[in-house]
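Let's take a walk through a protein model together, one step at a time. Have the picture ready and follow along.

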Amino acid sequence: MSELSARYEAKAASTRTRHTILVHVLRYGLLALPAAVIGTFVLWPLLMTIVHSFDQLDGLGHVTGFAGVANYQALTASPVFGQVMQNTLVFSVLSVVLSIGIAFVLAMLLNARALSASRILLVSLFSPTIMPMIAAANIWLYFLAPQFGVVDEMLGWLGLGQFNWLGHPGTALGSMIVLFVWKYAPYFTLFLLAGLQAIPPEVREALRTEDPVGWQSFRRVILPILSPVIAFVTTMAVLYSVETVDPVYAMTQGGPNNGTNLVMYYLYQLGFNYFSWGQAAALSVLLLVSLSTLSGFALIVLERRTFHWQ
Amino acid sequence: MAMIDWNRGKRAIKWSILTIIAVLWGFPTVWVLYETFFTGAAKWGFTFDNLVQAWNAAPFGEYYRNTLVIVLGLLASQLVFGVIVGFILARYEFPLKSWVTGIFILQIVVPIYAVLIQDYQILDSLHLLNTLVGVMLPYAVSGIAVLSFRHAFRSVPRELEEAARLDGYGMFGIFRRVYLPQAVPASLAFAVISVTYHWTDFLWPMIVTNTNQARPVVVGLAMMAQASESGMQWNLLAAGTAIVVIPVLVVFMAATRKILSAFSATFNW
């Protein structure tokens with residue numbers, strides 16, 4: 001009897017180990033395909049980009065020798081690079097400040113009533129957010145068209161002359177900032193609104209009775225509660241503005257005179273127009289370091305404080 | 001009494017500022033739609049002429065089919081991989097787990113823009129340039145989906161699983177009956193994010209495709225815009241834009257609040 005039970009036990013144990021091994025194999029097997037996709041299209045390209053940035057590459061992208069930091073030197077020495085960096089800086093700073101500022105005003109105005117507002121108001125406010133950037137850029141291209149466009153027509157009514165908005169570096173970059181703010185300010189509003197919902201109603205009520213004007217309560221209570229959301233939204237705005245490329249392609253192709261050439265478009269040009277793959281790899285590495293740091297930061301903010309992913 | 005009036009006045013000011021901003025924000029789109037439908041040979045009359053002309057000027061039917069395949073194909077693959085990986089990460093302990101999680105977080109943190117050129121060359125060596133599969137492959141697994149399903153599955157109480165086991169369900173049955181229903185809200189929110197992202201994505205599909213057979217509608221529109229800009233066919237530009245914008249607007253009008261809350265419930269990179 002005891003012998004029988006011992007045999008039964010042993011058999012059960014061996015089935016259990018075999019079962020465990022099978023489960024392990026299944027588990028790793030299921031993870032293998034998705035991990036391989038990321039390995040092929042994120043991890044490997046990441047490493048190769050870093051390696052190639054120190055290599056000499058021919059027009060087809062084949063390695064012809066070791067370059068040291070020559071690619072980085074050639075990249076940063078070119079006057080276009082300086083221009084592109086300046087454009088990107090101006091574009092990003094103004095876009096981020098204006099879009100977050102307007103998003104804040106909108107969030108305060110909508111406050112808790114956001115989703116009970118009339119549909120027509122929501123649709124017109126958020127329509128730029130949901131359409132593709134290319135379509136948004138086309139709308140502004142049409143809007144700013146010399147002679148034809150509404151803007152020129154309106155200037156005509158006021159007795160002012162026509163102006164080629166996209167034909168001058170300053171106004172062309174300005175138009176792109178307007179486009180960015182138009183498209184993204186309402187989008188950022190959504191996140192700020194979600195942050196405002198997190199303020200408990202009792203706190204809101206207490207603030208209303210104690211400080212009806214609102215400035216002190218805004219500064220002392222609302223702003224600190226919102227600060228992680230603001231940090232997250234600002235990081236996202238910086239990422240989006242640095243990654244802006246669609247409107248450059250659709251509206252100006254980087255012109256006039258590289259006046260609207262932003263860093264992502266320049267990367268595209270370096271690779272696919274000029275075939276200087278070495279410099280393109282060097283620029284990719286610079287972008288990689290800065291953008292990954294930013295999105296890593298956003299992810300940490302998000303995980304830790306706002307949305308409780310863990 | 002005075003207090004009430006003051007409050008009412010404040011609210012009126014708030015709503016008028018909001019209305020002004022909303023009008024300003026809506027105006028460009030409305031204007032393009034107006035120009036599409038109300039200008040042409042016969043000034044001041046409703047017409048489909050511009051729309052028809054634009055539809056014939058570029059293969060929009062083909063573009064839309066490509067977009068549909070890309071967007072739905074990606075959504076399906078991201079959901080399937082997201083559910084499987086999210087479930088394994090939420091429910092099991094195994095060696096190197098944090099490294100595996102790290103790979104999926106890497107996908108979120110590394111912007112595709114920085115590895116664009118390498119991805120292009122990899123597709124080239126796989127002979128997948130200019131194909132729909134090529135457009136989709138680098139996005140086939142989404143780290144955001146993995147993280148949000150992992151979160152959804154973690155919130156399932158273990159007692160529920162034990163109860164199902166006592167009822168005689170195997171691992172797959174438990175997964176299907178206990179865990180999968182918990183993934184539905186997360187899937188819906190993720191679907192909104194994924195569809196919006198991939199249907200508006202431009203640079204990657206533009207680089208990968210060079211003929212109409214794999215071009216999504218956004219890339220087609222950009223190509224058309226360049227052609228019409230150089231030829232000064234502004235009515236085509238407006239109508240082409242309308243072809244792209246009208247379907248989104250219709251969907252958005254039908255489900256305004258659902259879409260907006262999905263946006264703020266999670267996030268978009």
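Start in chain B, where the axes of helix H3 (residues 60-91) and helix H10 (residues 184-200) come within 10 Å and cross at roughly 140 degrees. Keep in mind that this is a predicted model. Two packed helices are described by the angle between their axes and the distance between the axes. The crossing of H3(B) and H10(B) has a hand too: it is right-handed.

Which residues in H3(B) and H10(B) meet? From H3(B) come Thr67(B), Ile70(B), Val71(B), Leu74(B), Leu75(B), Gln78(B) and Leu79(B), and they meet Ser187(B), Ala191(B), Ser194(B), Val195(B), His198(B) and Trp199(B) in H10(B). Sorted by class, the residues of this contact are eight nonpolar, five polar and no charged.

Now move over to chain A and find its helix H3 (residues 79-110). Among the buried residues of H3(A) are Val84(A), Asn87(A), Phe91(A), Ala103(A) and Leu110(A). Just after the helix, look for Asn111(A), which takes a positive phi of about 40 degrees.

H3(A) has a partner, helix H9 (residues 215-242) of chain A: the two axes come within 9 Å and cross at roughly 140 degrees. That angle makes H3(A) oblique to H9(A). The crossing of H3(A) and H9(A) is right-handed. In this meeting, H3(A) brings residues including Thr88(A), Ser92(A), Ser95(A) and Ile100(A), while H9(A) brings residues including Val233(A), Ala237(A) and Val242(A). By class, the contact has seven nonpolar, six polar and no charged residues.

Next, zoom out to see how the chains touch. The contact takes 69 residues from chain B and 71 residues from chain A. On the chain B side, helix H1 (residues 2-38) gives the largest share, twelve residues. That side of chain B divides into 54 nonpolar, twelve polar and three charged residues.

Finish with one residue, Tyr268(A), which is found in helix H11 (residues 263-273) of chain A. Is Tyr268(A) buried or exposed? Tyr268(A) counts as buried because 21 other C-beta atoms lie within 10 Å, and the cut-off for that label is 20 or more. Leaving aside its neighbours within four places in sequence, Tyr268(A) is in contact with Val245(A) and Leu203(B). Tyr268(A) and Val245(A) are 23 residues apart along the chain, and their C-alpha atoms are separated by 9.1 Å.

Definitions and conventions. Residues are numbered from 1 along each chain as its sequence is written. Chains are lettered from A and ligands numbered from 1 in the order in which they are written. This is a predicted model: local features need pLDDT of at least 70, side-chain atom pairs count only at pLDDT 80 or more; totals for chains, interfaces and linings use all residues. A residue is buried if 20 or more other C-beta atoms lie within 10 Å of its own, exposed if 12 or fewer, and partly exposed in between; C-beta atoms are placed from the backbone. Helices (H or I, at least four residues) and strands (E, at least two) are DSSP runs, numbered from the N terminus. Axes are lines fitted to C-alpha atoms, for helices over the stretch in contact, and angles run from 0 to 180 degrees between N-to-C directions. Angles under 35 degrees count as roughly parallel, over 145 as roughly antiparallel, 65 to 115 as roughly perpendicular and the rest as oblique. A crossing is left-handed if the near helix is turned anticlockwise from the far one by less than a right angle, and right-handed if clockwise. Two residues are in contact if their C-beta atoms, placed from the backbone, lie within 7 Å. Ala, Val, Leu, Ile, Met, Phe, Trp, Tyr, Cys and Pro count as nonpolar, Asp, Glu, Lys and Arg as charged, and the others, Gly among them, as polar.
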